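Open the model in your viewer and keep the selection panel at hand. This tour goes stop by stop: what to pick, then what is there.

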Amino acid sequence: RKGIYIYELAKTYSSSGLKVDIMPLINEAVSLNSSLKITIKQDFEKGRFSELASNQAFLNIIGIQ
């Protein structure tokens, strides 16, 4: 459950427009709940996390090369 809360925090920061590095939050959320990778990928495909579109570590997490 904690992974989901951390992921929700990352989504909030992402949509806020604040210049916050959300990768540590994404990494922690996935380490706590690996099934979040699917949700993260789906959200990315819907346009969320566009600021991470060129971040290779993020793309690796969601399985896009």
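Predicted model: local features only at pLDDT ≥ 70, side-chain atom pairs only at ≥ 80, totals over all residues.

**Stop 1: helix H2**

Select residues 23-32, which make up helix H2. Which residues of H2 are buried? They are Met-23, Leu-25, Ile-26, Ala-29 and Val-30. Now look down the axis of H2. The buried residues fall within an arc of 160 degrees, so they line one face of the helix.

Next, show what lies over them. The cover of the buried H2 residues includes helix H1 (2-16), helix H3 (36-45) and helix H4 (56-62).

**Stop 2: the nonpolar core**

How many residues does the largest nonpolar core have? It has 18. Select the ones with the most contacts inside this core: Tyr-7, Ile-26, Ile-40, Phe-49, Phe-58 and Ile-62. H1, H2, H3 and H4 each supply at least two residues of the core. H2 gives the most, with five residues. As background, nonpolar side chains in soluble globular proteins tend to be buried together.

Centre the view on Ile-40. Set aside its neighbours within four places in sequence. Ile-40 is then in contact with Tyr-7, Ile-26, Val-30, Phe-49, Phe-58 and Ile-62.

**Stop 3: Phe-49**

Move to Phe-49. Where is it found? Phe-49 sits in the loop between H3 and H4. Check its backbone: phi is positive, about 65 degrees, although Phe-49 is not a glycine. Is Phe-49 buried or exposed? Phe-49 is buried, with a relative accessible area of 1%.

**Stop 4: the aromatic rings**

Show the side chains of Phe and Tyr. The structure holds three aromatic pairs. Two of them are described here.

Start with Tyr-7 and Phe-49. Their ring centres are 5.9 Å apart and the planes meet at 50 degrees, so the pair is tilted. This pair links distant parts of the chain, with Tyr-7 in helix H1 and Phe-49 in the loop between H3 and H4, 42 residues apart. Tyr-7 is buried, at a relative accessible area of 1%.

Then select Phe-44 and Phe-58. Their pair is edge-to-face, with 5.4 Å centre to centre and 70 degrees between the planes. Phe-44 belongs to helix H3 and Phe-58 to helix H4, so this pair ties together parts 14 residues apart in sequence.

Finally, select Tyr-7, Phe-44, Phe-49 and Phe-58 together. Ring pairs link these residues into a cluster.

**Stop 5**

Go back to helix H1 and pick Lys-11. Why does this lysine count as buried? Its relative accessible area is 17%, and the cut-off for buried is under 20%. Leave out neighbours within four places in sequence. Lys-11 is then in contact with Asp-43, Arg-48 and Phe-49.

Now turn to the charges. Side chains of opposite charge can pair when their charged atoms come close. How many salt bridges are there? The count comes to two.

For one of them, select Glu-8 and Lys-11. Their closest N and O atoms are 3.4 Å apart. The two residues are three apart in helix H1, which means a separation of about one helical turn. Glu-8 is partly exposed, with a relative accessible area of 37%.

For the other, select Asp-43 and Lys-11. Their side chains meet in a salt bridge of 3.9 Å, N to O. Asp-43 is in helix H3 and Lys-11 in helix H1, so the pair ties together parts that are 32 residues apart in sequence. Both of these residues, Asp-43 and Lys-11, are buried.

End with Glu-8, Lys-11 and Asp-43 in one selection. Salt bridges that share partners join them into one network.

How values were computed
Residues numbered from 1 in each chain as written. Heavy atoms only, no water. Buried < 20%, exposed > 50% of the residue type's maximum accessible area, 1.4 Å probe, protein only. Helix = DSSP H or I, 4+ residues; strand = E, 2+ residues; numbered from the N terminus. Arc of directions from axis to C-beta. Contact = heavy atoms within 4.5 Å. Core = buried A, V, L, I, M, F, W, Y, C linked by side-chain atoms within 4.5 Å. Salt bridge = Lys/Arg side-chain N within 4 Å of Asp/Glu carboxyl O. Phe/Tyr/Trp six-rings, centres within 6.5 Å; stacked < 30°, edge-to-face > 60°.
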